[in-house]
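Let's take a walk through this one together. Keep the viewer open and follow along.

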Amino acid sequence: MMSYVAHDETELIPPLEVEEEELYHPKTFIGKYIWCQDAKVIAIQYTITAMGVGLLALVLSGIMRLQLGFPNSFSFITPGAYLQFVTMHGMIMVVYLLTAIFLGGFGNYLIPLMVGARDMVFPYANMLSYWIYLAAVLLLVASLFVPGGSTGAGWTLYPPQAIVEGTPGAGLGIILMLLSLMLFIIGFTMGGLNYVVTVLQARTRGMTLMRLPLTIWGILMATILALLAFPALFVSAVMMLLDATLGTSFFMPAISVAGEMLDYQGGSPVLFQHLFWFFGHPEVYIVALPAFGIVSDLIAVNARKNIFGYRMMVWAILIIGGLSFVVWAHHMYVSGMNPYFGFFFATTTLIIAIPTALKVYNWVLTLWRGNIRFTVPMLFAIGFLVTFVNGGLTGLFLGNVPVDVPLSDTMFVVAHFHMVMAVAPIMVVFGGLYHWYPKVTGRMLDPTLGKIHFWVTFIGSYSIYFPMHYLGILGVPRRYYSIENISFIPESAHTLNVQITIAALIVGVVQLVFVYNLIRSYFKGEPAGPNPWEATTLEWQTADTPPRHGNFGPELPIVYRWAYDYSVPGAVLDYIPQNQPPDSLPARETDDNPQAPPS
Amino acid sequence: MADTMVGSNLSAVRPGLATVVEDWSSDQRAFKNVTWGKAMMWIFLVSDTFIFGSFLIAYMTVRMSTTVPWPNPSEVFALTLFGKELPLILIAIMTFVLISSSGTMALAVNYGYRKKRITTFLLLMMTALLGATFVGMQAFEWTKLIVEEGVRPWGNPMGAAQFGATFFMITGFHGTHVSIGVIFLVIVAIKVIRGDLDSEKPGFMTGRKGRYEIVETMGLYWHFVDLVWVFIFAFFYLW
Ligand code: HEM
Ligand SMILES: [Cu+2]
C-alpha cells in the first residue's frame, strides 16, 4: 500500500460536478473590446493601467531624490510639494500599482487558466471591478490638479494633520484621495470575490487544492486578506471624510491651529492609527503573498526541480496570512499607546518570522543542486530572494520595541520597507511579466534587454537602499524636505545622498528599457510557441497561444498530478504537464496537450 | 486507496469533521453543493461583517473615551404617543417590521424553489414593502432628531458630539444597505413575475441561465442586513 503524498498521480478522476455555464458572447465592438468580460482582457487592462500610474509614482520618486541629493537646486520642489510627492508616491506604489497588478493583473490572468476554468465565476462583476478601479485612478490623478493640490499627509494619512489647514492638500486633495480609496475598495471587492470563489468552487476535474500551483495559493490568500483588511480602511476613510466635510470629531481632538481653536473636540487620533494599520499591515502581505507564490513557481520551473516542501509552503502562506491580522500595532510603538501592547505585538511580529524564514529556506533548497536555467525571470526571482532576506533581517530590528523607538521615522525605516515590500515584490512583478508575456502575446520579450534591465535595477536598487540604512542610523529623518543645517548630521550623509540620487535616477531611466521591450516585442519579438519555458501548469497547455475566450478547447483539461513534476526519474521529458495522464492510461484525444510525448 | 482509508477512519470518530476534510481535499469544489452565487454572497457578507464590525468598534471606542456624558438613549429616542412619553417605541416598531420582513423573505425562498411564481413574487414584494417601511420610519426618526431635538453630526444639546456623528453614520450606512436591498428585491421580483427564472432566460450581459437560486442569494443578503440591525439596535438603543 502506498502512503499518500501530494504529488501522487491518480488514475481515478471523479465525474464532473457542475454543468459548464454558457459564457457571454458580445456582438458589438464595444462589448468585445471595451466592456470586455474575459478575465484575460481585464487582466491586461489592469496591468497597463497599474503600470501607467506606477510610472507616475516612479517619476515622483525621482523628483524627491533630486531634492534630497541636490537641495535647493530645483525651485518647483517646495517643502509642501515634497510632502505631496512622498504621499502620492507611497500610496500609488502600494495600492494602485502593486495591489492592483498582483491581484487584478496576475490574478485575473492566471487564476482561471491555472485552475482550469473557462473564466472567472462572475465575469460581469469582474469587468465592473476594472472600470471602478480606473475611476479610482482617475480621481487620484485629478487630485493633483485641484486647488491646493494633492494631499501631503504621508501615505498613512494620519489625522489630525491630514485635514487641518497648513498641511498641503488639506482641502480638496485629501477628500479626493479618500473618495478614490473608497472606490478602489469597492472595485477590488467585486474582483476579489470572483478570485476567491473561482479558486474554491470552479476548479477543473482532478484539480485538488493541494495540486494548485503556489502562485494561486499566494493570490488566493492575499485576496482573502484584502477582503478582510480593506473594510477597516474603508471605514476610516468614511469617518475621516465626515471629519473633513461635516465637522464631526471621530479622529479630531480639541486642537488649535495657528493659535486658533478649531471646532473639533473629543475624537481619538489613535483610533485612526489602529484602524489604518489593521488594514496597513495585512496590506504588506497582500503584496508579499502573491510575490511568494509567483516566485516559487519561477524558481521551480527554472531550476527544473519540484518546489521543496510544497505542503509546508502552503501552510506557511496560510499561517502568515492569519498572523498578519494580529501584528498591526508594531507600526505604533511611538504612538503613545499602552506599552503592554508593545510587548504583545512585538511577540506576534517575531513569530511571523518563523513561517517566513521557512519559505526562504525552501526556496534556497529548491535551487540547491537544481539544473538552473538563468533566464530573465529566474534572475528576477533570485533578485527577489536577496532583497527580501535583506529587508526581512532589518524587520527583526524594527519589530523590537527598544530598537524601533530610536529608529522610528528615520531613513532606516524607509530602507527597510523598500527592501522588503517595494523592491522585492517589484522584482517578482518584473519576473512574472517576463515569464507570462509569451503566453499573453505569443511572443518572447528580448532577453538581452531583459538582462540589462535586471542587472541595472538590481545593483541600482542596492546602491539606493543599502546606504540608506546608515543614514537612518545616523538619525536622518524620513519625510524631510531638507537635512541641511542640522548639526548632528555629518557631511558624509550629504555625499551619500548624492550617490543615492544618482543611482535612483539610473534605476528610473532603465525602466524605460523595459517599457520599450514590452512594446517592441509585441510586434517584433520571437514567436514563443505554446510552452517556451517547458512548464507543467495548465496555462502552458492551452490549444491556442494566446488562449482564446474560454481558455481551453472544447473540453476542459483533466488534472492527474501536482504542478511540480520536473525532472521525474524515468520520464521522457524533464517535465510532465499536470494534464498528462499516467502511463497506464491512454492520453485522451481531446486533451489540449500539444507537447505530450509519444508514449 | 490510502487517503480514503484515512477518511473512513476519521469518520468513525468525528463524521462532521471527516466530511469537511474530504470536501476540502477533493477536486472541483471545496463547498460541495454550494453554487457560485451563494458562495460569493457568503464571502461578501463576511467582508461586510468586517465593515460593520469596524464601525461598531469605532463607535464603542469614541463612546468610552469621550469625557463628555453620553446622551441618555431612552430619553432621546422616546416618542410621545396619545399624550404619553413612550421610550424606544418607534425603534421597537421598526425592529418588528424588519424582523417580519425576514420571515416573508424566508417564505419567498421556499416558494421560489417550489416554482410558485405568483406567490414568490408577492412575498418578495411584501419583503420590499416592509423594507421600504423601515427606511421610511428611519427617515422619520432622523427628522425628529434633527428638527426637534437639535442633534447634528457635529454636536447636540444633550451631550457628547460623537453621539450624533456615530448615530447618523452607522444607521445611515445600514439604511443604505436596506435601500439597496429593496431595489434588488424589486428587480428579482420582476424577474420572477416575468417568468425569466422559469424559462431560464439569461440576465443582463451574461450568458448564464436565470434560476430560482437567485431568490435564495438575495435572501442571504436580506437576513444579514436584519442581523446587523439587531447589533446596531443593541449597541445604540439598549447600551
Ligand atoms: C526606484 C524606485 C524608488 C525610489 C527611488 C523611491 C524613493 C522614495 C523616497 C525618496 C521616498 C521618501 C522618503 C522620505 O522622504 O520619507 C519614498 C517613500 C516611500 N516609498 Fe518609495 N521609492 C521607490 C520605489 C518604491 C516602490 C516600488 C514602493 C512600493 C511599495 C515604494 C513605496 C514607498 C512608500 C510606502 C513610501 C513612504 C511614503 C510616506 O512616507 O508616506 N517606493 N520612496
Ligand atoms: Cu506591519
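A residue counts as buried when its relative accessible area is under 20%, worked out on the protein chains only. Keep in mind that this is a predicted model.

With that cut-off in hand, go to A:His281: its relative accessible area is 6%, so this histidine is buried. A:His330 comes out at 13%, so it falls under the cut-off too.

Now for the aromatics. Over all chains there are 68 aromatic pairs. One of them is B:Trp70 with B:Phe163, and it is edge-to-face because the planes sit at 80°, with the ring centres 5.9 Å apart. Here, too, distant parts of a chain are linked: B:Trp70 is in the loop between α3 (36-65) and α4 (73-76) of chain B, and B:Phe163 is in helix α7 (residues 162-194) of that chain, 93 residues apart. Both B:Trp70 and B:Phe163 are buried.

In chain B, the charged end of B:Arg114 sits over the ring of B:Tyr111, 4.9 Å from the ring centre. Another contact runs from chain B to chain A: B:Arg208 has its charged end over the ring of A:Phe122, 5.0 Å from the centre.

How values were computed: Residues numbered from 1 in each chain as written. Chains lettered and ligands numbered in written order. Predicted model: local features only at pLDDT ≥ 70, side-chain atom pairs only at ≥ 80, totals over all residues. Heavy atoms only, no water. Buried < 20%, exposed > 50% of the residue type's maximum accessible area, 1.4 Å probe, protein only. Phe/Tyr/Trp six-rings, centres within 6.5 Å; stacked < 30°, edge-to-face > 60°. Helix = DSSP H or I, 4+ residues; strand = E, 2+ residues; numbered from the N terminus. Lys NZ or Arg CZ within 6 Å of the ring centre and 35° of its normal.
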